[in-house]
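The following note concerns the ligand and the pockets of the structure shown below.

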Amino acid sequence: MWFRDDLRVSDNPALKAAADSGQPIVAVFVFETNENHTPYGGAQRWWLHHSLSALSNDLEALGAKLVLRRGDALTQMMSLIEETGAGTVVWNRRYSRFGIETDTEVKATLGEKGISALSFGGRLMHEPTQLRSGTGGAYRVYTPFWKMFSASVTPRAPLPKPLMVPSPETLPKSDRLEDWSLLPKTPDWSGGLVDNWTPGTDGAIIRLENFIASGLGTYDKERDFPAVDGTSGLSPHLAFGEISPFQIWARVDQVADELPTDDVTTFRKELVWREFAYHLLVNFTELKTHNYNAQFDRFPWDENEAHLCAWQNGQTGYPIVDAGMRQLYETGWMHNRVRMIVGSFLVKHLLLDWRHGEAWFWDTLVDADAASNTASWQWVAGSGADASPYFRIFNPITQGEKFDADGAYVKKWVPELAKVPTKFIHKPWEAPRKILDFADVVLGETYPHPIVDHKQARERALDAYQTMRGLAA
Ligand code: FAD
């Protein structure tokens, strides 16, 4: 049983099939190192360590031991087969380009050696090539995708955990998790992750139950306000497959009748956005690297290391942007509304290529996901399939005033502004000197001046957009 991004024992179709076969099972995780592939950013390496440790415990409770290997997947698989004499390899499908290419190669090579490879669907509620639009192609727009999904996909009930996962008498050799050095040491920056997350299935179930008890019923009303704990926080658990979308869907079904329909439907729609992101990724395999809308290949992006650095470090001088970037750096997660604001700021106010943002998020998010991260960045940039139009430019001041009206989110993550009155919290540069003195703020010293002027940046972005359209015409 080859575990990859499905680090759970419940509702795991491949593991269940292996257990149902009655054969001894070798449970394996391969840390796939390959010169063309960076499987995990820094934050996810931390998560992976703890998630594998949790999976290992869960497997031990069922009688199995998790074998850890590192290297090229095909080489490791072939050597494991030689060491164990395994006749079948099972796994749950994955959908990134690297994953599909690797699995196709492994399956073909196993086939040539007479070993059967059985793959199962466990990560998504639909197969990304399953739904077709009226013209027979892939969907480009979410709303019709959602309509088709709700009309034609009935998520199956979650599968039970196997009663036992019997091990063979001798196990192949395994790496020690500690030797993979996944945890940051010098310096150890993981304090904020430790304080906010519990990787592993138990942590996922606690999140889900807390959300069902006190978040789902107000989800539609509260999910846009970053100072409120109004969303599920399930994204990293889903990214690592510690819980499946089927399990979440089924649990929501159990309580749906007791809760307002709007809240339940909006939450289900978000889960289906994740499916849609995979639909796009699989049907447009270059999504991570190439603009979906090729017109953007001619976009006149700026190159400005200082601006990129200010954005990454939460030092742009726009409080809502800086709060978001600091939340990300500290906790490995950022509220969805703020992801949209900081994304728009990078691409439109700073005119920096969305791929810089995608890469930074990949390194710092605990929920970094090949499909959702790429599809969302392309959505924000305006270059995506179902995209926010480039000319619609988020105003970081009014977005802050609307979604963080009392400034609680900014005050939490940008403490140097904690004493600034609400009226100026999203635009401290407009506060009279006396007020800034009272709030202990010296612009340019304790908190930066805005690195770009909103109005000028907006005009520059619109000009760049026209240039692209002119060149493309
Ligand atoms: P909830 O609001 O509780 O939603 C439940 C689940 O639905 C989420 O866990 C997630 O799996 C899914 N979901 C929600 N919104 C979206 C969405 N817009 N697109 C796809 N799936 C969604 N999400 C990731 O999981 N990984 C990423 O790498 C990622 N990168 C993003 C980058 C940008 C620029 C933006 C704007 C959004 C990104 N998102 C990403 C989507 C979204 O921000 C997160 O899924 C959400 O904030 C996670 O918090 P939650 O679990 O509390 O979400």
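This is a predicted model: local features need pLDDT of at least 70, side-chain atom pairs count only at pLDDT 80 or more; totals for chains, interfaces and linings use all residues.

**Pockets and ligand surroundings**

1. In the second largest pocket, the greatest contribution to the lining comes from H4, with 6 residues. At least two lining residues each are supplied by strand E2 (27-32), helix H4 (97-112), H11 and H16.

2. Where does the ligand sit? The ligand takes up the space of the largest pocket. Helix H9 (235-239), helix H11 (261-283), helix H14 (336-349) and helix H16 (370-381) are the elements that each contribute two or more residues to the shell around the ligand.

3. The largest pocket contains about 1,200 Å³ of space. Its lining is made up of 44 residues, with Glu270, Trp273, Asn336, Ser372 and Ser376 lying nearest the centre. The classes in this lining are 22 nonpolar, 12 polar and 10 charged residues.

4. Which element gives the largest share of the lining of the largest pocket? H11 does, with 10 residues. At least two residues of that lining come from each of H9, H11, H14 and H16. H11 also provides the largest share of the shell around the ligand, namely 5 residues.

5. There are 26 residues around the ligand, and Tyr219, Thr231, Ser232, Gly233 and Asn336 come nearest. Asn336 is also listed among the residues nearest the centre of the largest pocket. By class, the shell divides into 13 nonpolar, 8 polar and 5 charged residues.

6. The side chain of Asn336 places an N or O atom 2.7 Å from an oxygen atom of the ligand. A polar backbone atom of Leu234 is 3.1 Å from an oxygen atom of the ligand, and a polar backbone atom of Asp367 is 2.8 Å from a ligand nitrogen atom.

7. How much of the ligand's accessible area does the protein cover? On its own, the ligand has 820 Å² of accessible area, of which the protein covers 95%.

Note on methods. Residues are numbered from 1 along each chain as its sequence is written. Side-chain values use heavy atoms; hydrogens and water are left out. A residue is near a molecule or strand if one of its heavy atoms lies within 4 Å of it. A polar contact is a pair of N or O atoms within 3.5 Å; within protein, one must be able to donate a hydrogen and the other to accept it, and residues adjacent in sequence count only if both atoms are side-chain atoms. Accessible areas come from the Shrake-Rupley method with a 1.4 Å probe; for residues, only the protein chains shown count as cover. On a 1 Å grid over the protein atoms alone, a cavity is a set of points where a 1.4 Å probe fits but cannot get out, and a pocket is an open set with protein on both sides within 12 Å along at least five of seven lines; lining residues have an atom within 4 Å of a point. A molecule sits in a cavity or pocket if more than half of its atoms lie within 2 Å of its grid points. Helices (H or I, at least four residues) and strands (E, at least two) are DSSP runs, numbered from the N terminus. Ala, Val, Leu, Ile, Met, Phe, Trp, Tyr, Cys and Pro count as nonpolar, Asp, Glu, Lys and Arg as charged, and the others, Gly among them, as polar. Grid points are joined across faces, edges and corners, and a volume is the space filled by probe spheres set on the points.
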